Amino acid sequence: QVQLVESGGGLVQDGGSLRLSCAASGSIVSIVTMGWYRQAAGKQRELVADIAGSGIINYADSVKGRFTISRDNAKNTVYLQMNSLKPEDTAVYYCAADVLPYGAPRKYYWGQGTQVTVSS
């Protein structure tokens, strides 16, 4: 069983910063990719950023230059530093990880989600 636990969401003013963390735990052989998605009210879930074990990073165009994703492989933890936040960044942010567990097939796991609200 693999679990992803997120922390760091909250309410911030326009232009502010927040840092999200997500720790994976359980019977893990390896984690291929870790990332963050978000889903705003009435919209589809979208990729914000992800990072491979090799260090290759992808960002959504809407967050480039403002958000930074990083990863601590020893701790199976991924971070998302969000600066210059805008009201349109308001959403539920989900951690995701492509995991190879012990004794089970490789699978994509999701966290429970953390609310980020940016007030104008």
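Five salt bridges are present in the structure, which is a predicted model. Arg-38 takes part in two of these interactions. Its side chain pairs with that of Glu-46, the closest N and O atoms being 2.7 Å apart, and with that of Asp-89 at 2.9 Å, N to O. Asp-89 lies in the loop between strands E8 (77-82) and E9 (91-101), whereas Arg-38 belongs to strand E4 (residues 28-39), so this pair ties together parts that are 51 residues apart in sequence. Both Asp-89 and Arg-38 are buried; the relative accessibility of Arg-38 is 6%. Glu-46, in contrast, is partly exposed, with a relative accessible area of 36%. A further salt bridge joins Asp-61 to Lys-64 (3.1 Å, N to O), and Asp-61 is exposed at 63% relative accessible area. Through shared partners, Arg-38, Glu-46, Arg-66 and Asp-89 are connected by salt bridges into one network.

Glu-6, located in strand E1 (residues 2-7), is buried but has no salt bridge; Arg-45, the nearest side chain of opposite charge, is 8.0 Å away. Polar atoms of the Glu-6 side chain instead lie 2.6 Å from the backbone nitrogen of Cys-95 and 2.5 Å from that of Gly-113. Residues in contact with Glu-6 include Cys-22, Trp-36, Tyr-94 and Gln-112.

E1 runs antiparallel to strand E3 (residues 18-26), to which six bridges join it. Within E3, Ala-23 is the bridge partner of Val-5.

Definitions and conventions
Residues numbered from 1 in each chain as written. Predicted model: local features only at pLDDT ≥ 70, side-chain atom pairs only at ≥ 80, totals over all residues. Heavy atoms only, no water. Helix = DSSP H or I, 4+ residues; strand = E, 2+ residues; numbered from the N terminus. Buried < 20%, exposed > 50% of the residue type's maximum accessible area, 1.4 Å probe, protein only. Lys, Arg positive; Asp, Glu negative; His and termini not counted. Salt bridge = Lys/Arg side-chain N within 4 Å of Asp/Glu carboxyl O. Polar contact = N/O pair within 3.5 Å; in protein donor to acceptor, adjacent residues only side chain to side chain. Contact = heavy atoms within 4.5 Å. Pairing = 2+ DSSP bridges. Lists of a residue's contacts leave out its neighbours within four places in sequence.
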